[in-house]
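Here are a few notes to go with the structure you asked about. Have a look at it first, then read on.

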Amino acid sequence: MQTSEEPVLWEQTRGCPQGSCSGPAFWNIVADEILSVQWPQGVHLQAFADDFAFSVTDNTREGLSKLALDKFKEWADKNKLYVSIETSSYVLFNKLARGPTIKWGNQSINRKSRLKYLGVTIDHKLSWPSHVIEQGKRSMDQYQHLCIIAGKTWASTKTSEGYYIKQL
């Protein structure tokens, strides 16, 4: 940084505190580098806050497993970022009998038949039932919690327009 007297350099060895005012701005500076990379055809990187998702299209097992992660890992290592392999996973939208082995360094990333990204459950068939079932479970949990909170002094009534809640 240039000051009125001389340039000042600072070696950053740790991140900024979570919830800090400047945290998102610093993260945008760091993430912009990887988001502006020109990826090969068939590779798309999507980010939301600190969640990243790759969409990779290739006809071979080998192409799917190596296309993007090496470059992403170099960026993460350079910026001293930790990627949790335990919470990382991938879904294969293909009829390959045996999918690729995708690795982060020397650790394998888990393949799943469905995963949740930004609140949407995506399954390997790209169909909606798993998402709808998940949302139904979540709605039922919320309803049961509401019943516990409301106790016996509230009730829901069904009318031709839908449900409404009234106090008894």
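**Notes on the aromatic residues and the core**

1. Phenylalanine 72 has 7% relative accessibility, so it counts as buried (under 20% relative accessible area; exposed is over 50% and partly exposed in between, with a 1.4 Å probe and protein chains only). This is a predicted model, where local features need pLDDT of at least 70, side-chain atom pairs count only at pLDDT 80 or more, and totals for chains, interfaces and linings use all residues. Residues are numbered from 1 along each chain as its sequence is written, and side-chain values use heavy atoms, leaving out hydrogens and water.

2. Phenylalanine 72 forms a tilted aromatic pair with tryptophan 75, at 5.2 Å centre to centre and 50° between the planes. (Rings of Phe, Tyr and Trp, the last by its six-membered ring, pair if their centres lie within 6.5 Å; planes under 30 degrees apart are stacked, over 60 edge-to-face, the rest tilted.) The two are three residues apart in helix H3, so about one helical turn separates them. (Helices, H or I of at least four residues, and strands, E of at least two, are DSSP runs numbered from the N terminus.)

3. How many aromatic pairs does the structure hold? There are eight. In one of them, the rings of phenylalanine 52 and phenylalanine 72 have centres 5.2 Å apart and planes at 70°, so that pair is edge-to-face. It links distant parts of the chain, strand E2 (residues 51-56) and helix H3.

4. Phenylalanine 52 is partly exposed because its relative accessibility is 22%.

5. Ring pairs join Trp27, Trp39, Phe52, Phe54, Phe72, Trp75 and Trp104 into a cluster.
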